[in-house]
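I opened this entry to record what I looked up in the structure shown below. My notes follow in the order in which I took them.

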Amino acid sequence: TIKHTYLAADFGGGSGRIIAGFLHHGKLELEEVYRFCNRQVKLGNHIYWDFPALFEDMKTGLKLAAQKGYAVKSIGIDTWGVDFGLIDKHGNLLGNPVCYRDARTEGIPEEVFKLLDERQHYADTGIQVMAINTLFQLYSMEQHQDAQLEVARQLLFMPDLFSYFLTGVANNEYCIASTSELLDAQSRNWSMDIIRALGLPEHLFGEIILPGTIRGTLKEDIARETGLGIVDVIAVGSHDTASAVAAVPAVESPIAFLSSGTWSLLGVEVDEPILTEEARKAQFTNEGGVDGKIRFLQNITGLWILQRLMSEWKACGEEQNYDIIIPQAAEAQIATIIPVDDATFMNPENMENALIHYCRHHALQVPKNKAEIVRCVLQSLAFKYRQAVEQLNRCLPSPIRQLNIIGGGSQNQLLNQLTADELGIPVYAGPVEATAMGNILTQAMAKGEIADLRELREIVTRSVTPQVYYPKK
Ligand code: ADP
Ligand code: LRH
């Protein structure tokens with residue numbers, strides 16, 4: 001029998017994957033078709049993403065799906081936030097996208113807020129000021145008279161860029177555009193006032209399209225090369241966190257989530273942006289969601305620290321396994337809490353050295369082995385989540401009563417339990433591939449198979465069984 005399939009291309013900070021989704025009898029079944037590494041590449045003075053390799057990896061996954069004989073209805077793409085590529089007048093990519101961890105934005109927010117009033121800026125955009133945001137990357141390029149910026153015709157965020165090279169259609173999806181810090185939170189369109197105040201080229205910013213819009217069809221050469229034929233490419237919540245939040249298996253209001261991967265995105269879904277001084281001071285952001293929703297959340301350094309430690313330890317010759325190290329960390333005893341968002345941990349040459357150095361310099365008990373290091377990182381994350389939830393609750397009419405943890409990090413049983421213990425509320429863990437689910441089901445919504453976000457979440461709820469963790473203390 002022919003299997004009708006939606007394909008999600010999901011690019012996270014740590015890995016990318018092509019996932020096939022089959023929707024029948026109101027349930028969604030997933031199959032991982034292909035997974036590949038997403039690496040930061042240091043070249044000269046900058047850190048880049050390897051866009052050509054990622055594009056090739058995506059095509060490999062699409063080919064594999066075609067070889068399986070699936071009848072592919074459409075493809076949706078989501079990626080991490082804030083990064084972008086610039087296109088020239090011939091439609092060529094001007095350079096490899098620079099990674100948000102690059103040092104080019106150091107000190108740039110301070111420069112920008114000589115031109116813009118920081119309070120007013122938050123009231124306008126509703127976005128948590130982070131140096132990694134597109135606004136600061138662009139302003140840094142502008143300040144350095146970057147040659148690419150001078151000749152660029154259009155800016156495409158990562159999911160827009162992948163879609164563009166698949167279809168030839170160049171536009172900007174709303175959810176990912178909201179991570180730029182250049183949208184007006186109310187009109188949900190470009191803030192031309194900010195763009196002009198910073199002297200950025202106005203023509204870079206294209207048409208904003210909403211999740212559920214058909215971007216175009218595969219270009220003929222790609223259709224042939226992949227063997228997929230002429231298939232629609234649909235704009236989904238193309239910021240990975242937007243797709244993940246769409247697939248939270250809950251319908252209670254407000255939906256409280258922790259999207260746990262390279263980053264920890266902790267917040268609630270609301271109908272309108274919260275643009276108060278309290279929200280600004282608590283460093284909450286209002287990012288665009290699927291079906292007109294707003295994701296009111298805090299960007300917290302997440303499992304990045306652990307990811308880096310694991311890859312450093314692996315580079316020392318020993319294969320690393322979460323299923324071994326996490327139970328060891330559960331047995332370890334160390335009181336140290338580090339501030340996970342400290343700049344030290346943003347992109348150190350060596351994460352283990354950075355962590356040990358931090359402890360020594362702050363008179364904290366220094367972890368003696370891997371298990372203690374992992375324990376220290378996980379309890380520091382849980383501690384940070386508690387602070388974030390306390391701040392979140394102050395911005396809401398009533399405190400959240402449960403937290404849904406989704407994404408790869410929801411497999412971390414120790415972190416789930418520590419989080420429940422810190423927050424004093426039940427934690428529901430899963431699904432692991434929430435992002436792919438949200439991506440796929442938003443395509444199904446565009447194709448008329450699903451009516452709205454509520455129905456989308458009912459399908460997720462029917463398809464997965466989250467693990468519950470109750471607070472022990
Ligand atoms: P991203 O989309 O940002 O790349 P993911 O949602 O794929 O992130 O989550 C990746 C994280 O999931 C890893 O950093 C790791 O901490 C965690 N993880 C992956 N596999 C496991 C596992 N088997 N057990 C516990 N944690 C895991
Ligand atoms: C998580 C994420 C997060 C931020 C960061 C840059 O993958 O998308 O929401 O935007 O990457």
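The model I am reading is predicted. I then took the two strands as a whole: β15 and β16 (residues 294–301) pair in the antiparallel sense over 4 bridges.

**The sheet around it**

I next traced the order of the open sheet, which has 7 strands and runs β15-β16-β14-β13-β17-β18-β19 with mixed pairing. I noted β15 (285–288) and β19 (467–469) as the edge strands, each pairing on one side only. On average, neighbouring strands of this sheet are turned by 30° against each other, direction ignored. I also looked up what packs on the sheet and found helix α15 (residues 370–395), which touches β13 (256–260), β14 (263–270) and β16. The direction of α15 makes about 20° with that of β14.

**The ligand shell**

Which residues are closest to ligand 1? I listed Gly12, Gly14, Gly261, Thr262 and Gly408, out of 18 residues that surround the ligand. Two elements give two or more residues to this shell, α12 (304–315) and α13 (322–331). Of these, α13 gives the most, with 3 residues. By class I recorded 4 nonpolar, 12 polar and 2 charged residues in the shell.

Over residues 6–245 I noted 34% helix and 26% strand, with the end C-alpha atoms 19 Å apart.

Note on methods. Residues numbered from 1 in each chain as written. Chains lettered and ligands numbered in written order. Predicted model: local features only at pLDDT ≥ 70, side-chain atom pairs only at ≥ 80, totals over all residues. Pairing = 2+ DSSP bridges. Axes fitted to C-alpha atoms, helices over the stretch in contact; angles between N-to-C directions. Contact = placed C-beta atoms within 7 Å. Near = placed C-beta within 6 Å. Nonpolar A, V, L, I, M, F, W, Y, C, P; charged D, E, K, R; others polar.
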